[in-house]
There are 2 protein chains.
Amino acid sequence: MAEHIFPTDSLIGLNDREVLMKQKSVVIWLTGLSGSGKSTLGRALEKKLLDEGYIAFLLDGDSLRNGLNKDLGFSIEDRNENIRRAGEGCKLLSNAGLIVITSFISPLRQQRDAIRAQFKKGCFVEVFVNASLEVCESRDVKGLYKKARAGEIKNFTGIDSPYEQPLSPELIIESDKFSEAQSLEKLYSFIQDLVKV
Amino acid sequence: MAEHIFPTDSLIGLNDREVLMKQKSVVIWLTGLSGSGKSTLGRALEKKLLDEGYIAFLLDGDSLRNGLNKDLGFSIEDRNENIRRAGEGCKLLSNAGLIVITSFISPLRQQRDAIRAQFKKGCFVEVFVNASLEVCESRDVKGLYKKARAGEIKNFTGIDSPYEQPLSPELIIESDKFSEAQSLEKLYSFIQDLVKV
């Protein structure tokens, strides 16, 4: 297959693009249990960055499953492909110069490391949005934990499928100990120098 | 599956984003035979738009096959999935506010119309990059026509697989009659009012 493929180089490199767009195209990868507050935090960060004049975009697991990944189910194989495509979506948006914020449970270290490996050092920021299973399950905003406990959903992360905590994430947000505003402030403080050209 | 999915709305709508980014997120979909000059024209348009202060990105068939679509081959089914994902990639970039230029043979009307249907009227511009098969085959920049004639590549568009010309594209660029500079000028003239907020 590869012999039929001839990628064409852009006439504008990523460095030129970053100068034009006055920002670094960093990926901020939020990982954590369902209900840990990834999407809420991601949305708030997206708005904050846009308000500050940056061009940012939130790539959200549920949105992706309604579009690019709507052919995928929840088998182990499909969940891996779901995350692989999420990483590729990230690369597209990042190549276009955007600051990309993602919100995926992305439970396995190997999945997250495979995506990290495709970005330059310093351009991939892994953020562990850490709330205890008890807190996430008690929130159960989507009612999914209840279904997982009842056996209606199989392979649910934290219940009958593992979540591998990041060993050395760039940042940990303890979303069960701090308010949304505090979590956002901590995250924004961490990334604000990284996104500057 | 759908009952487990809860897409989260951005806190910033596309209209706000367009105001912030001072541009309309139009998709410029280039379709035509292999060798018709789609990618060359697309790259030139991308650079022109960036030079003019717009934020544009070229989504190219070959690049996508090295990333998002690298699990796909060239069967009819895989080629359809290739174009479906191209359309979804477009939607992502477009939702992020970018002007998206695509370069895919996208040989079938049904494929192109299915993607068009996902965009608001006026936000999807189909451009037929029209060069005769004879001209494309004589150029044969990638050596693919030779392989297709020799039977080394099956289902090659224009040889043993159909190309359905657009019935009512927004624009036709006769790339075998005009220079690259002239083709770019014609395309840019057509879109420049569409991308303004």
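Colleague: At what angle do helix H4 of chain A and helix H4 of chain B pack, and how far apart are their axes?

Modeller: Helix H4 (residues 76-95) of chain A and helix H4 (residues 76-95) of chain B pack at an angle of about 50 degrees, and their axes are 10 Å apart. The axes are lines fitted to C-alpha atoms over the stretch in contact, and angles run from 0 to 180 degrees between N-to-C directions. H4(A) is therefore oblique to H4(B), where under 35 degrees counts as roughly parallel, over 145 as roughly antiparallel, 65 to 115 as roughly perpendicular and the rest as oblique. Please keep in mind that this is a predicted model, in which local features need pLDDT of at least 70, side-chain atom pairs count only at pLDDT 80 or more, and totals for chains, interfaces and linings use all residues. Residues are numbered from 1 along each chain as its sequence is written, and chains are lettered from A in the order in which they are written.

Colleague: Which residues meet there?

Modeller: A:Gly89, A:Leu92 and A:Leu93 in H4(A) meet B:Gly89, B:Leu92 and B:Leu93 in H4(B), contact being C-beta atoms, placed from the backbone, within 7 Å. These residues divide into four nonpolar, two polar and no charged; Ala, Val, Leu, Ile, Met, Phe, Trp, Tyr, Cys and Pro count as nonpolar, Asp, Glu, Lys and Arg as charged, and the others, Gly among them, as polar.

Colleague: And how many residues does each chain put into the whole contact?

Modeller: The contact takes 39 residues from chain A and 39 residues from chain B. On the side of chain B that touches chain A, the largest share, six residues, comes from H4(B), and that side divides into 19 nonpolar, ten polar and ten charged residues.

Colleague: New topic: what order do the strands of the chain B sheet take?

Modeller: Five strands form an open sheet in the order S2-S3-S1-S4-S5, with parallel pairing, and the edge strands, S2 and S5 (171-173), each pair on one side only. Two strands pair if DSSP finds at least two bridges between them, and S2(B) and S3(B) have five. B:Phe57 stands opposite B:Val100 in S3(B).

Colleague: Last one: why is A:Glu52 classed as exposed?

Modeller: A:Glu52 is exposed because 12 other C-beta atoms lie within 10 Å, and the cut-offs are 20 or more for buried, 12 or fewer for exposed, and partly exposed in between. A:Glu52 is found in the loop between helix H2 (38-51) and strand S2 (56-60) of chain A.

Definitions and conventions. Helices (H or I, at least four residues) and strands (E, at least two) are DSSP runs, numbered from the N terminus. Two residues are in contact if their C-beta atoms, placed from the backbone, lie within 7 Å.
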